[in-house]
Amino acid sequence: MKMPLELETERLKLRQLRESDLDDHAAMTADPEVMRFLNDGKTMDRAQSWRTMAAILGHWTLKGYGFWAMEEKATGKLVGRGGLWFPEGWPMLEVGWTLARPHWGRGYATEMGRVALRLAFEQGATEVCSLIDEGNVRSIRVAEKLGEKLIGPIRVTSFDCLIYSVKR
Ligand SMILES: CC(C)(COP(=O)(O)OP(=O)(O)OC[C@H]1O[C@@H](n2cnc3c(N)ncnc32)[C@H](O)[C@@H]1OP(=O)(O)O)[C@@H](O)C(=O)NCCC(=O)NCCS
């Protein structure tokens with residue numbers, strides 16, 4: 001599967017992360033509210049945040065798709081990251097989203113997710129999931145708005161979460 005490196009939605013420019021995004025990315029991953037339901041729930045320091053950006057770009061190189069940087073077209077601000085994710089050890093292709101807190105509540109995750117799902121299905125994916133902590137009600141709402149249904153609990157790497165999915 002090959003996704004465009006850049007594209008535009010109604011309000012967002014989806015593009016590759018670049019090193020100049022580090023200040024904004026590090027601020028997002030240093031926020032305990034943002035990180036609460038991601039992986040081990042711990043915040044990241046600037047160096048860890050940089051390595052996460054490198055892993056996101058590496059995922060694009062290895063798989064041909066990955067998380068885009070989500071830039072607000074109106075302001076040019078980095079509002080978050082999201083897209084398609086399928087690292088080793090994952091149960092199936094995932095659509096995922098993370099927004100910096102000032103940009104919650106505007107539908108940006110849903111807007112990006114809709115485009116990512118459409119492209120994935122156009123490229124032959126038959127099912128796409130979202131792996132979500134059972135307490136992450138905001139993310140569950142995004143998954144449901146994208147038509148995803150709860151499959152059940154799942155353990156991925158060492159984390160217990162719920163798997164939601166939508167079929168083509
Ligand atoms: C999960 C997360 C991305 C959800 O963000 P969000 O802003 O609530 O989600 P959306 O971008 O879809 O926005 C939805 C809200 O925006 C509002 N909204 C405003 N304009 C909108 C529009 N044009 N379209 C859709 N929703 C809009 C809606 O009221 C909606 O809230 P509602 O569903 O309660 O009515 C965010 O909470 C986050 O980044 N959390 C931390 C990281 C994380 O946990 N990621 C997920 C891991 S599984």
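**Ligand site and aromatic pairing**

Of the 21 residues around the ligand, those that come nearest are Leu 99, Gly 105, Ala 109, Thr 110 and Arg 141. The model is predicted. The ligand sits in the largest pocket. Helix H5 gives the most residues to the shell around the ligand.

- Arg 141 uses its side chain, where an N or O atom lies 2.6 Å from a ligand oxygen.

**Burial of the ligand**

- Taken alone, the ligand exposes 950 Å².
- The protein buries 74% of that area.

**Make-up of the shell**

- The share from H5 is five residues.
- By residue class, the shell around the ligand holds ten nonpolar, six polar and five charged residues.

**Aromatic pairs**

- How many aromatic pairs does a search of the whole structure find? The search finds two.
- Phe 67 and Trp 85 form one that is stacked.
- The ring centres of Phe 67 and Trp 85 are 4.5 Å apart, and the angle between their planes is 15°.
- Planes under 30 degrees apart count as stacked, so the 15° of Phe 67 and Trp 85 qualifies.
- This pair links distant parts of the chain, 18 residues apart.
- Phe 67 belongs to strand S3 (residues 67-72), and Trp 85 belongs to strand S4 (residues 78-85).

Terms used. Residues are numbered from 1 along each chain as its sequence is written. This is a predicted model: local features need pLDDT of at least 70, side-chain atom pairs count only at pLDDT 80 or more; totals for chains, interfaces and linings use all residues. Side-chain values use heavy atoms; hydrogens and water are left out. A residue is near a molecule or strand if one of its heavy atoms lies within 4 Å of it. A polar contact is a pair of N or O atoms within 3.5 Å; within protein, one must be able to donate a hydrogen and the other to accept it, and residues adjacent in sequence count only if both atoms are side-chain atoms. Accessible areas come from the Shrake-Rupley method with a 1.4 Å probe; for residues, only the protein chains shown count as cover. On a 1 Å grid over the protein atoms alone, a cavity is a set of points where a 1.4 Å probe fits but cannot get out, and a pocket is an open set with protein on both sides within 12 Å along at least five of seven lines; lining residues have an atom within 4 Å of a point. A molecule sits in a cavity or pocket if more than half of its atoms lie within 2 Å of its grid points. Helices (H or I, at least four residues) and strands (E, at least two) are DSSP runs, numbered from the N terminus. Ala, Val, Leu, Ile, Met, Phe, Trp, Tyr, Cys and Pro count as nonpolar, Asp, Glu, Lys and Arg as charged, and the others, Gly among them, as polar. Rings of Phe, Tyr and Trp (its six-membered ring) pair if their centres lie within 6.5 Å; planes under 30 degrees apart count as stacked, over 60 as edge-to-face and the rest as tilted.
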